[in-house]
2 protein chains.
Amino acid sequence: MKTPGQSVFTNLRIVLVETSHPGNIGAAARAMKCMGLRELCLVRPARFPCAEATARASGADDLLMNARITDSLREAVGDSALVVGTSARQRRIPWPLMQPEECAALLCETAATAPVSLVFGREQSGLNNEELELCHRLVTIPTVTEFSSLNLAAAVQVLTYEISRQAGLSNKLVAGRKESTTPLATAEQLELLYSHLEKTMLAVDFLDPANPRRLMRRLRRLFNRAALDHNEMQILRGFLAAIDKIVAGEGRD
Amino acid sequence: MKTPGQSVFTNLRIVLVETSHPGNIGAAARAMKCMGLRELCLVRPARFPCAEATARASGADDLLMNARITDSLREAVGDSALVVGTSARQRRIPWPLMQPEECAALLCETAATAPVSLVFGREQSGLNNEELELCHRLVTIPTVTEFSSLNLAAAVQVLTYEISRQAGLSNKLVAGRKESTTPLATAEQLELLYSHLEKTMLAVDFLDPANPRRLMRRLRRLFNRAALDHNEMQILRGFLAAIDKIVAGEGRD
């Protein structure tokens with residue numbers, strides 16, 4: 001297989017958060033390399049580097065050597081125009097939940113022009129709420145209800161397989177499509193937008209200062225789903241700034 | 001989730017030939033169970049039963065306990081109406097070589113009425129020629145040419161994932177999940193939201209009253225794309241109402 005859409009593969013990062021078992025890191029690297037992916041980022045791995053990781057990588061140890069290590073997920077995905085989190089179960093608040101095919105297609109399409117991150121949580125507990133909020137979309141790998149305990153590296157294998165499938169399928173399509181569109185807002189820019197939104201909502205007494213989280217979570221979900229481009233992000237911030245001015249003016253009376 | 005096409009799952013057997021590493025047997029069982037498959041057959045496993053296999057099965061040890069052990073592949077696949085072998089590389093003799101999707105579809109279709117076997121060879125050397133001749137079809141999982149070293153359990157994971165996808169597992173999951181979500185905002189409700197947004201934006205001097213259309217068009221596009229549900233629409237209108245109150249307060253001075 002030729003590697004189609006080279007930018008897809010350089011722009012698409014796999015992020016593993018607080019992996020406990022070094023063997024899973026190695027196996028994930030092996031899965032990635034087979035499918036043409038090379039960018040691995042590890043957020044606070046329990047043990048790394050580690051002989052067990054290298055052994056399970058089985059020839060993909062170059063990915064381990066070049067892996068980026070960060071202290072937080074926020075740092076790992078800061079430059080990404082799209083952050084997709086993997087989730088094993090259904091949550092009370094219905095985040096937009098994608099199937100692997102849809103997820104892979106979206107990642108490939110976006111990675112044609114900007115960095116994207118696909119994030120895997122801890123073996124036992126997945127991603128925590130704070131980390132989930134950094135994700136613009138969620139993907140789940142369907143399993144039978146009675147046994148949904150997919151191994152971490154197995155989940156990486158399924159999704160990187162779907163990505164390589166979609167990259168082969170959609171490469172032609174992506175090539176012609178993106179030229180005229182504005183770049184997407186980055187995760188970092190979106191975080192600044194959400195902080196601004198929260199501040200302004202508090203200023204106009206719309207948010208309960210004692211419990212702003214629930215409403216903010218809903219709004220993050222809405223805007224994450226919309227995949228804001230840079231212009232749209234600036235329009236929204238401009239609107240917030242205009243409101244801030246009115247609020248400040250009132251304060252001066 | 002109900003497992004649709006129950007016969008597919010009872011008729012579809014995974015056969016592992018002369019597996020060296022017990023860990024791979026356990027991981028394969030785990031992959032199978034997640035995807036709804038339960039019939040495992042081991043041809044001359046190097047070490048089995050084995051604590052390492054049980055550990056990596058991680059809750060799928062019932063599949064290990066019920067696994068059938070045979071002395072030959074011929075014995076393992078004797079009752080099968082369709083035998084598909086997995087192959088990492090293309091061989092000189094041009095066997096009919098399927099992609100995973102086609103293979104999974106064919107396996108499911110046949111398993112609806114008769115037993116079928118999907119056969120995985122040794123970690124290092126795959127299936128030998130005699131074994132390949134027992135296979136009716138071959139499937140290969142596409143990888144990059146430079147690194148085609150898929151782990152055995154990872155290959156089982158990819159193909160059982162494709163089988164579950166083809167068996168309609170994912171459709172059912174999606175269908176069941178959507179029911180509980182809040183209804184989408186109606187077109188009428190969205191028009192009221194856009195009018196309100198325009199009015200408030202004018203009030204805070206963010207829109208140019210002479211030419212409000214361009215910015216409003218962008219925002220309509222953004223929110224239309226996001227497919228707002230009823231709650232989200234109400235949150236946004238609540239925020240606008242809170243801004244209106246501040247603006248009105250200022251006007252009264």
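1. Helix 2 of chain B passes helix 8 of chain B in a right-handed crossing. In this predicted model, the axes of helix 2 (residues 22–34) and helix 8 (residues 152–166) of chain B come within 8 Å and cross at roughly 15 degrees. Angles under 35 degrees count as roughly parallel, so helix 2 of chain B and helix 8 of chain B are roughly parallel to each other.

2. On the helix 2 side of this chain B contact are B:Asn24, B:Ala27, B:Ala28, B:Ala31 and B:Met32. Helix 8 of chain B contributes B:Leu152, B:Ala153, B:Val156, B:Gln157 and B:Thr160. By class, the residues of this contact are 7 nonpolar and 3 polar, with no charged residue.

3. In chain A, helix 9 (residues 187–203) packs with helix 10 (residues 213–226) at an angle of about 140 degrees, and their axes lie 11 Å apart. Helix 9 of chain A and helix 10 of chain A are therefore oblique to each other. Helix 9 of chain A passes helix 10 of chain A in a right-handed crossing.

4. The residues that make this chain A contact are A:Leu190, A:Glu191, A:Tyr194, A:Leu197, A:Glu198 and A:Met201 from helix 9, and A:Arg213, A:Met216, A:Leu219, A:Arg220, A:Phe223 and A:Asn224 from helix 10. They divide into 7 nonpolar, 1 polar and 4 charged. Among the residues in the contact are A:Glu191 and A:Glu198 on helix 9 and A:Arg213 and A:Arg220 on helix 10.

5. Chain A has an open sheet of 7 strands in the order 3-2-1-6-4-7-5, with parallel pairing. Its edge strands are strand 3 (68–70) and strand 5 (97–98) of chain A, each of which pairs on one side only.

6. Within that sheet, strand 1 (residues 12–17) and strand 2 (residues 39–43) of chain A pair in the parallel sense over 5 bridges. A:Val17 has A:Val43, in strand 2 of chain A, as its bridge partner. Helix 2 (residues 22–34) of chain A packs on the sheet and touches strand 1 and strand 2 of chain A. The direction of helix 2 makes about 160 degrees with that of strand 2 of chain A.

7. On confidence, the average pLDDT of chain A is 87, and 88% of the residues score at least 70. Residues 171–180 of chain A have a pLDDT below 50, and this stretch has 8 contacts in the model beyond near neighbours in sequence. Where pLDDT is low, the predicted coordinates should not be read in detail. The model scores ipTM 0.79 and pTM 0.81.

Conventions. Residues are numbered from 1 along each chain as its sequence is written. Chains are lettered from A and ligands numbered from 1 in the order in which they are written. This is a predicted model: local features need pLDDT of at least 70, side-chain atom pairs count only at pLDDT 80 or more; totals for chains, interfaces and linings use all residues. Side-chain values use heavy atoms; hydrogens and water are left out. Axes are lines fitted to C-alpha atoms, for helices over the stretch in contact, and angles run from 0 to 180 degrees between N-to-C directions. Helices (H or I, at least four residues) and strands (E, at least two) are DSSP runs, numbered from the N terminus. Angles under 35 degrees count as roughly parallel, over 145 as roughly antiparallel, 65 to 115 as roughly perpendicular and the rest as oblique. A crossing is left-handed if the near helix is turned anticlockwise from the far one by less than a right angle, and right-handed if clockwise. Contact means heavy atoms within 4.5 Å. Ala, Val, Leu, Ile, Met, Phe, Trp, Tyr, Cys and Pro count as nonpolar, Asp, Glu, Lys and Arg as charged, and the others, Gly among them, as polar. Two strands pair if DSSP finds at least two bridges between them. pLDDT is the predictor's confidence in each residue, from 0 to 100.
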